[in-house]
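I opened this model to look up its ligand sites, its strand pairings and a few local backbone features. My entries follow in the order in which I checked them.

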Amino acid sequence: MADPTLLNVERLSVRFPSDRGPVEVVHGISFAMGAEKLGLVGESGSGKSMTARALIGLVAKPGRVTADRLTLDGVDLAGLSPRQWKHWRGSKIGLVLQDPKFALDPVMSIGRQVEEPLKLHTAAKKAERRERALAMLEAVGLPDPLRAYHSYPHQLSGGMGQRVMLATTLIAEPRLLIADEPTSALDRDLRDQVLDLMLKLVDERQMGLILISHDLDQVARFCDRALVMYRGDIVDRLPASELANSQHPYTKTLWACRPSPATYGTPLPTLDRVRLEAGA
Amino acid sequence: MSLVDISDLNVTFRDQDVGRHILRGITVAIEEGETFGLLGPSGCGKSTLLRVIAGLNRDWHGSMSLLGEAVAPRRRFTGKLRRQVQMVFQDPYASLHPRHRIGRALREPLVVNGLDNPDKRVTEALAEVGFGPDVASRYPHQLSGGQRQRIAIARALLLRPKLLLLDEPTSALDMSVQAEILNLLVTLKARFGMSFVLVSHDPDVIGHMCDRAARMAEGRIAATFDRPALAAGAAAAR
Ligand SMILES: Nc1ncnc2c1ncn2[C@@H]1O[C@H](COP(=O)(O)OP(=O)(O)OP(=O)(O)O)[C@@H](O)[C@H]1O
Ligand SMILES: Nc1ncnc2c1ncn2[C@@H]1O[C@H](COP(=O)(O)OP(=O)(O)OP(=O)(O)O)[C@@H](O)[C@H]1O
Ligand SMILES: [Mg+2]
Ligand SMILES: [Mg+2]
């Protein structure tokens, strides 16, 4: 296993207040990782995105994050001031968000949004920024980078928006990249192309990657290890290539319920939640 | 007569002062009771075609009839079409107002269309997609991505449409919730006699759900597949 000192997470919890007292959506999870590719899978609402947001200091109020230990490259993230977070976010940790339309500013051109991290974190001049932004738009597979550069978010298709998001994050070359469903709106060829690009950059720059995905096959093919979340807990940890052979009932269902032309006309198997939660 | 009858449909967008011809002579008929799939590479025009059928993009040329009614370009849908054609969007954020609670987002179309017992219908619709009634008091940002998509599906189903347009309805969902939603869609389709147009980039989802499908490329329909072709894996072929 890679040197587990890049990111260290011990007993991380995220809570929200509610009418009936605080609700904990992440239950004291622990894991560590080095410059490796970690897949985070699990059911909708299990806390994957919340975990990602906690790692990058973006859990919005009234949410509360607590942890016994939360370090990146030895630096205590819990002790960062909002100003220090601003610097870390983007330059040290990058997050590609799940909903591209929500994450992109609707009134700012794509070109400006991709250049923004260079403005914040580097001394690159205008011409160089533009050149690097165009190169990045091309690298994420946009067919006409110059058109994308001058476009606004509403003029792009769903898959184009997702690739723009990725470009804005990769351009700053963070140490740890967290990608939350970065390819869910892409067709299969493009998905592999974008992942290949991401992995190439991760390998070249010795970065760590947390890939949040509901595509188990993708995680099995592209990641070193996998963590499986269910209802705020990590319920299964295994080498990514072993996902298909997991003995855990939840992970097993995730494989079994995949549709195919052969399942046409029949209901897909679904999770027996009652049994699972009874502690099977 | 077909449920959806489209012939020689063209759409052009103005973009940086040049016209871009996005849909190029689409001709397609979708029959009542069918689940019709649309697949094709990113940017080929799938969402644009759905938005035309949904009456959201009204700037088109060609001819179209929906549910037996001829539809003219540049006209809003009225009366039964407005209720009976519903769409679930690719990006659930785009369809949920960020500052309206879920309950309000679901109740509004019911009230606008003058349906009785809105609160009961909302509670039932939420239960159909696996939520308890208390989710009604949340805002969209207080839900996970997959939970928002289930809300969007519940809302589209509330008006009991005849034609449901689904743009990547499960691409934001994990496999177990995807299975639950696909099962639910199949059950409700039979129960309420709906027809579906389903956009997905996942050939397995198309193969599982669809009676027929079309592959689009650069604004045209490049191929159509019947059930035997889909069963043989045609949707996955490159
Ligand atoms: N602001 C909030 N207030 C209360 N609960 C919240 C809030 N935001 C999120 N939640 C809840 O926290 C839980 C975890 O959400 P999270 O977004 O991390 O899920 P996820 O695993 O990323 O799911 P998905 O695969 O659907 O994106 C969900 O049950 C969600 O409803
Ligand atoms: N309002 C708009 N103005 C200008 N161009 C647009 C507009 N909406 C869409 N387009 C362009 O039309 C083309 C088709 O977009 P559409 O959203 O229909 O693609 P899609 O097949 O749904 O792709 P995806 O799988 O990525 O969602 C794209 O090139 C897009 O940039
Ligand atoms: Mg999420
Ligand atoms: Mg689309």
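The entries below go from the conventions and confidence values to the ligands, the hairpins and the remaining local features.

**Conventions and confidence.** I note that this is a predicted model, in which local features need pLDDT of at least 70 and side-chain atom pairs count only at pLDDT 80 or more, while totals for chains, interfaces and linings use all residues. Residues are numbered from 1 along each chain as its sequence is written, chains are lettered from A and ligands numbered from 1 in the order in which they are written, and side-chain values use heavy atoms, with hydrogens and water left out. I looked up the scores next: the predictor gives the complex an ipTM of 0.89 and a pTM of 0.87.

**Ligand 1.** I found ligand 1 between chains A and B. A backbone N or O atom of A:Met50 is 2.8 Å from a ligand 1 oxygen, the side chain of B:Ser144 places an N or O atom 2.8 Å from an oxygen of ligand 1, and a polar side-chain atom of B:Gln147 lies 2.7 Å from a ligand 1 oxygen. On its own ligand 1 has 650 Å² of accessible area (Shrake-Rupley method with a 1.4 Å probe; for residues, only the protein chains shown count as cover), and the protein covers 90% of this.

**Ligand 2.** Why do I call this site shared between chains? Residues from chains A and B surround ligand 2, so the site is shared. Of the 19 residues around ligand 2, A:Gln155, A:Ser157, B:Ser42, B:Gly43 and B:Thr48 come nearest. Oxygen atoms of ligand 2 lie 3.2 Å from a polar backbone atom of B:Cys44, 3.0 Å from a backbone N or O atom of B:Gly45 and 2.8 Å from a polar side-chain atom of B:Lys46. The protein buries 90% of the 640 Å² that ligand 2 exposes when taken alone. Two or more shell residues come from each of helix H7 (158-170) of chain A and, in chain B, strand S2 (18-30) and helix H1 (46-53).

In chain A, strand S1 (residues 7-16) runs antiparallel to strand S2 (residues 23-33) with seven bridges, and A:Leu12 stands opposite A:Ile29. Six residues separate the strands of this hairpin, where A:Gly21 takes a positive phi near 85°. In chain B, strand S1 (residues 4-15) and S2(B) pair antiparallel over 10 bridges, with B:Asn10 opposite B:Arg24. Two residues lie between S1(B) and S2(B), and B:Gln16 in the turn has a positive phi of about 45°.

**Other local features.** I counted salt bridges as a side-chain nitrogen of Lys or Arg within 4 Å of a carboxyl oxygen of Asp or Glu, and the total over all chains is 22. One of them joins A:Arg191 and A:Asp215 at 2.8 Å, N to O. A:Arg191 lies in helix H8 (residues 188-204) of chain A and A:Asp215 in the loop between strand S9 (208-212) and helix H9 (216-222), so the pair ties together parts that are 24 residues apart in sequence. The peptide bond from A:Lys61 to A:Pro62 is cis, with omega near 5°, and A:Pro62 sits in the loop between H1 and strand S4 (64-66) of chain A. Last, I noted that A:Arg231, although not a glycine, has a positive phi of about 50°.

Methods
A residue is near a molecule or strand if one of its heavy atoms lies within 4 Å of it. A polar contact is a pair of N or O atoms within 3.5 Å; within protein, one must be able to donate a hydrogen and the other to accept it, and residues adjacent in sequence count only if both atoms are side-chain atoms. Two strands pair if DSSP finds at least two bridges between them. Helices (H or I, at least four residues) and strands (E, at least two) are DSSP runs, numbered from the N terminus.
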